[in-house]
Amino acid sequence: MQLLVDILMIVLPVFLVVGLGFSLKGSGLVDSAFLFQLNRLIYYVALPALLFYKIATADFSSSFNPRLLAGMVFSIVAVFAISYLYTVLRRYPVMARGAFTQGAFRGNLAYVGLAIAFNAYGTEGFAIAGVLIGFLVPLLNALAVLSLLLPHQGQDHQFGKAFWAAQFIFNPLIIASFVGIAWSFFNIPLPLVLDRALDILTGMSLPLALLSIGASFSPANLRGEITKALLACGIKIFWMPLFTGAVLLLLGIRGMELGVGVVLAASPTATAAYIMAQQLKSDAELSGSIIMLSTLLSVVTYSLALFLLRYSGI
């Protein structure tokens with residue numbers, strides 16, 4: 001019983017803040033214009049600062065495990081390939097294929113995954129998760145674009161070099177992660193003034209991100225084909241963490257690193273999937289449904305995953 005209480009104390013605070021964001025939007029204290037600016041602040045300032053600070057001040061040699069990274073990469077690529085193949089075999093409409101596939105593998109690592117990892121494993125677990133995210137975010141972006149473009153093969157969809165550069169080179173989370181990794185790898189000390197300034201600044205990052213997720217919820221997002229949305233949601237928050245856990249165990253990953261890997265794999269579908277689906281002419285309504293359902297249901301799946309990890313003592 002105590003174990004269950006401990007798990008709930010990790011998961012529920014995160015989702016209570018998400019719920020607060022939803023309440024703020026419903027009460028009118030937060031409107032769409034404010035939410036748009038808030039998301040820009042989080043995406044371009046708060047989260048990049050948090051990722052850089054936590055990774056840069058971590059001990060790279062103890063936070064980075066190449067086998068853990070290899071297992072995560074294999075899991076993501078495998079789920080991407082299997083999900084897309086499923087949509088082809090089931091003859092899903094062209095616009096639904098990319099949205100379904102992206103929703104099944106692209107997790108909200110930076111907003112939700114980091115928060116759960118920090119609550120569950122503290123600063124050390126956060127550092128491991130941050131270093132992983134530095135390598136995984138470019139991969140997720142690449143596969144997301146690929147999943148949305150593949151269904152349109154042979155059609156008139158032209159995306160120039162500037163579009164591709166924007167997806168990778170100019171992504172603030174990727175830049176912050178790689179700079180933080182380099183800083184940590186070369187063991188460069190942070191000036192005391194900068195260290196204290198970042199400590200203050202990054203304190204707002206995760207709370208604002210979680211509030212933003214809640215404020216972005218809308219019953220109107222639950223449109224389109226709910227059956228497809230539930231299936232993609234099930235793959236993302238149930239089967240993917242199970243598969244990832246099995247892969248990591250086979251690679252000899254145990255303890256906190258295993259927990260962090262499973263927590264990141266279990267993260268609900270990234271909110272950016274909706275924007276990307278709109279931009280690349282996929283089924284945005286299906287993407288919105290997957291995001292909302294996976295975020296709501298991840299309260300249960302996160303609790304179950306952490307319970308199994310703690311109970312098994314792996």
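Biologist: Let's start with a loop: between which two helices is Asn187 found?

Modeller: Happy to, and keep in mind that this is a predicted model. Asn187 has a phi near 55°, a positive value in a residue other than glycine. Its place in the chain is the loop between α8 (172-185) and α9 (192-201).

Biologist: Is Asn187 buried or exposed?

Modeller: The cut-off for exposed is over 50% relative accessible area. Asn187 has 65% relative accessibility, so Asn187 counts as exposed.

Biologist: Thanks! Turning to Arg91, what is the value of its phi?

Modeller: Arg91 is found in the loop between α4 and α5 (94-105), and Arg91 is exposed, with a relative accessible area of 71%. Most residues other than glycine have a negative phi. Arg91 is a residue other than glycine with a positive phi, near 55°.

Biologist: Now for the helices: how do α4 and α6 run, roughly parallel or roughly antiparallel?

Modeller: Helix α4 covers residues 66-89 and helix α6 residues 109-149; their axes are 10 Å apart and the packing angle is about 20°. Angles under 35 degrees count as roughly parallel. That angle therefore makes α4 and α6 roughly parallel.

Biologist: How many residues in the contact of α4 with α6 are nonpolar?

Modeller: From α4, the contact is made by Leu68, Leu69, Met72, Val73, Ile76, Val77, Phe80 and Tyr84. The α6 side includes Ile128, Leu132, Phe135 and Ser147. Across the contact of α4 with α6 there are no charged residues and one polar, and the number of nonpolar residues is 16.

Biologist: Good to know! And which hand does the crossing of α4 and α6 have?

Modeller: These are the helices whose axes lie 10 Å apart. As α4 passes α6, the crossing is right-handed.

Biologist: Which helices do the buried residues of α12 pack against?

Modeller: Nine of the eleven residues of α12 (residues 255-265) are buried, so this helix is largely enclosed by the rest of the structure. Among the buried residues are Glu257, Gly259, Val263 and Ala265. The buried residues of α12 pack against α4, α6, α11 (226-250) and α14 (284-312).

Biologist: One last stop, Ser205: which residues is Ser205 in contact with, leaving aside its neighbours within four places in sequence?

Modeller: Ser205 lies in helix α10 (residues 205-216). Buried means under 20% relative accessible area, and Ser205, at 0%, is buried. Beyond its neighbours within four places in sequence, Ser205 is in contact with Ala46, Leu47 and Leu50.

Methods: Residues are numbered from 1 along each chain as its sequence is written. This is a predicted model: local features need pLDDT of at least 70, side-chain atom pairs count only at pLDDT 80 or more; totals for chains, interfaces and linings use all residues. Side-chain values use heavy atoms; hydrogens and water are left out. Axes are lines fitted to C-alpha atoms, for helices over the stretch in contact, and angles run from 0 to 180 degrees between N-to-C directions. Helices (H or I, at least four residues) and strands (E, at least two) are DSSP runs, numbered from the N terminus. Angles under 35 degrees count as roughly parallel, over 145 as roughly antiparallel, 65 to 115 as roughly perpendicular and the rest as oblique. A crossing is left-handed if the near helix is turned anticlockwise from the far one by less than a right angle, and right-handed if clockwise. Contact means heavy atoms within 4.5 Å. Ala, Val, Leu, Ile, Met, Phe, Trp, Tyr, Cys and Pro count as nonpolar, Asp, Glu, Lys and Arg as charged, and the others, Gly among them, as polar. Buried means under 20% relative accessible area, exposed over 50%, partly exposed in between (1.4 Å probe, protein chains only).
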